[in-house]
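Hi,

Here is the model I promised to pass on.

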Amino acid sequence: IALPDASVNKLLLVHALEFAPDPQALLKEAWRVLVPGGELIICVPNRRGFWARSPHNPFGDGTPYAGRQLFALAQEACFAPDKPVYC
């Protein structure tokens, strides 16, 4: 089921971007459904994190991102990203 254009105020992508076959297409879809001034929060594994480097854990699959990679990807999809927060 597709969401209508500009129908979501906040969107949370948790461990979705690293498994997307086309991350840019996923972010463009997020842009389409967000209202003007809407907020997108993305949670992905950090490329430098321990869990992203070990294949023997639940987070060993997918594509981890460095903060600057995620920042650039978001900018390319028309978002105005804030500085990444590392948890």
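**What I found**

Of the 87 residues in the protein chain, 30% count as buried, where buried means under 20% relative accessible area, exposed means over 50% and partly exposed is in between (1.4 Å probe, protein chains only). Before you go further, note that this is a predicted model, in which local features need pLDDT of at least 70 and side-chain atom pairs count only at pLDDT 80 or more, while totals for chains, interfaces and linings use all residues. Residues are numbered from 1 along each chain as its sequence is written, and side-chain values use heavy atoms, with hydrogens and water left out.

**Layout**

The protein chain has 3 helices and 2 strands; helices (H or I, at least four residues) and strands (E, at least two) are DSSP runs, numbered from the N terminus. Read from the N terminus, the order is β-α-β-α-α. Among the contacts in the protein chain with a separation of 6 or more, 62% are between residues 24 or more positions apart, a contact being heavy atoms within 4.5 Å. The accessible surface of the protein chain is about 6,200 Å², and carbon and sulfur atoms hold 60% of that (Shrake-Rupley method with a 1.4 Å probe; for residues, only the protein chains shown count as cover).

**The core**

The largest nonpolar core has 15 residues, and Leu 17, Leu 27, Leu 40, Tyr 65 and Phe 79 are the ones that touch the most other members. Such a core is a set of buried Ala, Val, Leu, Ile, Met, Phe, Trp, Tyr and Cys residues joined through side-chain atoms within 4.5 Å. At least two residues of this core come from each of S1, H1, strand S2 (34–43) and H3. Leaving out residues up to four places away in sequence, Leu 17 touches Pro 23, Leu 26, Leu 27, Ile 42, Val 44, Tyr 65, Leu 70 and Leu 73.

**Helix H1 and what sits against it**

Which residues of H1 are buried? They are Pro 23, Gln 24, Leu 27, Ala 30 and Val 33, and the cover over the buried residues of H1 includes S1, S2 and H3.

Take Val 33, in helix H1: its relative accessible area is 5%, so Val 33 is buried. Not counting residues up to four places away in sequence, Val 33 touches Leu 3, Pro 4, Asp 5, Ala 6, Ser 7, Val 8 and Leu 11.

With the same exclusion of residues up to four places away in sequence, Ala 74 touches Leu 27, Phe 79 and Pro 81.

**One aromatic pair**

The count comes to 1 aromatic pair, taking rings of Phe, Tyr and Trp (its six-membered ring) with centres within 6.5 Å, where planes under 30 degrees apart are stacked, over 60 edge-to-face and the rest tilted. Trp 31 and Phe 79 make this edge-to-face pair, at 5.2 Å centre to centre and with 90 degrees between the planes. Trp 31 is in helix H1 (residues 23–33) and Phe 79 is in the segment after helix H3 (67–76), so the pair ties together parts that are 48 residues apart in sequence. Trp 31 is partly exposed at 44% relative accessibility, whereas Phe 79 is buried at 15%.

**Backbone and surface**

Two backbone angles deserve a look. Ala 6 is not a glycine, yet its phi is positive, near 50 degrees; Ala 6 lies in the segment before strand S1 (8–14) and is partly exposed at 40% relative accessibility. His 15, also not a glycine, has a positive phi of about 50 degrees. You'll find His 15 in the loop between S1 and H1, partly exposed at 27%.

Lastly, the surface: Leu 12, Val 14 and Ile 41 form a nonpolar patch with about 270 Å² of accessible area together. Patches are made of residues with over 30% relative accessible area and no salt bridge, joining like charges within 9 Å and nonpolar side chains (Val, Leu, Ile, Met, Phe, Trp, Tyr) within 5 Å; a salt bridge is a side-chain nitrogen of Lys or Arg within 4 Å of a carboxyl oxygen of Asp or Glu. Leu 12 belongs to strand S1 and is exposed, at 55% relative accessible area.

Cheers
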